Amino acid sequence: MELHNLQPAVGSNKKTKRIGRGTGSGYGGTSTRGHKGAKSRSGYKHKVGFEGGQMPLQRRVPKFGFKNINRVEYKAINLDALEALAAAGATKITIEDLRNAGLLAKKALVKILGNGTLSHAIEVEANAFSKAAEEAIKAAGGNVVIK
């Protein structure tokens, strides 16, 4: 390979359409714009979303709701799930333990809810607790750690 025989890969360079350069070019005459009408003329601009006078989509469809950008989404785990882990011999339950047990996705935040009963004294680590869950854990002799 020498400098004088370098060339681009086959199909990487395309010739540009030379519009309006006579009928022999294949793009003369109407210059690919069709016949008559506003779209064929110079200076034509269309408004974004304009549908020819028909009621546009953004006006046909009703507005509803909003998305709160500050919302924090928690994965809810109840006391009965903690009871099952404690029955298996756990004395301290961390977020990593819940992930390993298959109760959580990788980056999910955890909130412990008070559905179920707890009979073991365990230390529970989570991102949030409901009041009922916190009281039930402490009543069973356990401890609550908010991470």
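A word on the source. This is a predicted model, where local features need pLDDT of at least 70, side-chain atom pairs count only at pLDDT 80 or more, and totals for chains, interfaces and linings use all residues. Residues are numbered from 1 along each chain as its sequence is written, and side-chain values use heavy atoms, leaving out hydrogens and water.

Back to Thr117. Find it in the loop between S3 and S4. Helices (H or I, at least four residues) and strands (E, at least two) are DSSP runs, numbered from the N terminus. What does Thr117 touch, leaving aside its neighbours within four places in sequence? Leu79 and Glu83. Contact here means heavy atoms within 4.5 Å. Ala81 sits 36 residues from Thr117 along the chain, and their C-alpha atoms are 9.6 Å apart.

Now the helix. H2 covers residues 79-87 and lies across S1 and S3. Its angle to S1 is about 65°. Axes are lines fitted to C-alpha atoms, for helices over the stretch in contact, and angles run from 0 to 180 degrees between N-to-C directions.

**Two open sheets**

Strands of a sheet pair through backbone hydrogen bonds, either parallel or antiparallel. For pairing, DSSP must find at least two bridges between two strands.

Take the sheet with the order S1-S3-S5: it is open, has 3 strands, and pairs in parallel. Strand S1 (74-78) and strand S5 (128-129) are at the edges with a single partner strand each, so one side of each has no neighbour in the sheet. S3, residues 109-113, pairs with S5 over 2 bridges. Look for Lys111 opposite Ala128 in S5.

The next sheet is open too, with 3 strands in the order S2-S4-S6 and parallel pairing. Its edge strands are S2 (92-93) and S6 (143-146), each pairing on one side only. S4 spans residues 123-126 and is joined to S2 by 2 bridges. Here Lys92 stands opposite Glu123. Between S4 and S6 there are 4 bridges. Ala126 faces Ile146 across that pairing.

**Salt bridges**

How many salt bridges does a search of the whole structure find? It finds 6. The criterion is a side-chain nitrogen of Lys or Arg within 4 Å of a carboxyl oxygen of Asp or Glu.

One of them joins Glu125 and Lys147, at 3.9 Å, N to O. Glu125 lies in strand S4 and Lys147 in the segment after S6, so the pair ties together parts that are 22 residues apart in sequence. Buried or exposed? Glu125 is buried, with a relative accessible area of 15%, while Lys147 is exposed, at 64%. Not counting residues up to four places away in sequence, Glu125 touches several residues, including Ile93, Thr94 and Val145.

Another links Glu96 and Arg99, at 3.5 Å, N to O. Both lie in helix H3 (residues 95-100), 3 residues apart, about one turn of the helix. Glu96 is partly exposed at 44% relative accessibility, and Arg99 is partly exposed at 24%.

Glu73 and Arg71 also meet in a salt bridge, at 2.9 Å, N to O. Both of these residues are exposed.

Notes. Buried means under 20% relative accessible area, exposed over 50%, partly exposed in between (1.4 Å probe, protein chains only).
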